[in-house]
Amino acid sequence: MARAIWTGVVTFGLVSVPVGLYSATRDHTVHFHQLQRGTADRIRNRRVNERTGDEVGTGDLVKGYEVGEGEYVLVEPEELDEIAPGRSQTIDITDFVDLEEIEPVYFDRTYYLAPRGKEYTKVYELLRAALAQSNRVGIATFVMRGKQYLTALRAEDKVLVLQTLHWADEVRDPLKELPEMPSGRAGKGKELDMALQLVDSLSGAWEPSRYRDTYQEKVRELVKAKAEGQEIAAAEEAPAATNVVDLMQALQGSIDQARGGERKRPGSSGKTARKSPAGTSKKSTGGKESPKAGRASSASGRERVAGKNELRKLSKAELYERATGQDLPGRSKMSRQELIDALSRTAGRRKKKSAA
């Protein structure tokens, strides 16, 4: 069972609940030791005085902030401890905001929060349910290991999740920092329509188990092959950048490939399950759809894409409001894209019923 890396109290208003903080993720990276070439001798990192070359013990280390060339302001660890903010073990929620208002770049690490005892589960669940139904997150600060963190508490199924956030002055402005950015609206007209069709063709539910870290798998295969005296094939080179002149052709080819099932998705069989429009039969037309059925299928596809395009213009709050009005099950746990997909499917079913 996992061990709490921090314990304290979550407060909102005058309500508080004792909690423990647990890591939500783990690293599956293959780790290597450093060895001297031609030997099995480990290489160790040591703290060395760059002037004398002598090794320095941890007890003789002090922090220094450089104010000029070769000039430092010395700071003792105890002095940093004395000014540490918020020494109390408290995650104090000061604001509740819509989750979609926080740009993804602000999110850092993810942790689970759990109540410290059965007697605290009711208050814990009260906070989780309130966050879930309001579709908001609690913004709070807390101190862990001598560092203050800005955090967002959000609700997942049966658990509270705490995500550390970057401070505002830690996030760079891409328009100021990046060298090449589009000067105007590059995507428009038929190119944008085709790009949207491609996105729609490749859209699906978020299933994280479908995706694998294939690079780490290759690293393990490499280690195993070398241990057995075998060789492993090199990976293919990355594809060349798409030429702007060939953009339309590349988009159309991608759409045809996606609709034809040639692009095998992770966890799929590579086959498509496209159904003939209701009331038609491939068998009765020699294995081919009638021109009328083809036109109906094409029109239906265009309507579906157009419907999704309209939904994409809405905020998550607006999508959630529509989902509530249509009483969609599980809407409080859906992401913005899942709400778009669910509302689009519901609209499609309603059109079929009305046509029937």
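Biologist: Which residues touch the most other members in the largest nonpolar core?

Modeller: A nonpolar core is a set of buried Ala, Val, Leu, Ile, Met, Phe, Trp, Tyr and Cys residues joined through side-chain atoms within 4.5 Å, where buried means under 20% relative accessible area, exposed over 50% and partly exposed in between, with a 1.4 Å probe and protein chains only. This is a predicted model, in which local features need pLDDT of at least 70 and side-chain atom pairs count only at pLDDT 80 or more, while totals for chains, interfaces and linings use all residues. Residues are numbered from 1 along each chain as its sequence is written, and side-chain values use heavy atoms, with hydrogens and water left out. Of the 22 residues in the largest nonpolar core, those that touch the most other members are Val10, Leu21, Ile91, Leu113, Phe142 and Leu162.

Biologist: Which element gives the most to this core?

Modeller: Helices (H or I, at least four residues) and strands (E, at least two) are DSSP runs, numbered from the N terminus. The elements that give two or more residues to this core include β1, β2 (15–23), α2 and β9 (159–165). With 4 residues, the element that gives the most to this core is β9.

Biologist: How many residues apart in sequence are the parts that the pair of tryptophan 6 and phenylalanine 142 ties together?

Modeller: Rings of Phe, Tyr and Trp (its six-membered ring) pair if their centres lie within 6.5 Å, and planes under 30 degrees apart count as stacked, over 60 as edge-to-face and the rest as tilted. Tryptophan 6 and phenylalanine 142 form an edge-to-face pair, at 5.0 Å centre to centre and 75° between the planes, and both residues are buried. Because tryptophan 6 lies in strand β1 (residues 6–12) and phenylalanine 142 in strand β7, the separation in sequence of the parts tied together is 136 residues.

Biologist: Is asparagine 135 buried or exposed?

Modeller: Asparagine 135 is found in the loop between α2 and β7, and has a positive phi of about 55° although it is not a glycine. Most residues other than glycine have a negative phi. Because its relative accessibility is 18%, asparagine 135 counts as buried.

Biologist: Is lysine 158 buried or exposed?

Modeller: Lysine 158 has its place in the loop between β8 and β9, with a positive phi of about 70° although it is not a glycine. Because its relative accessibility is 68%, lysine 158 counts as exposed.
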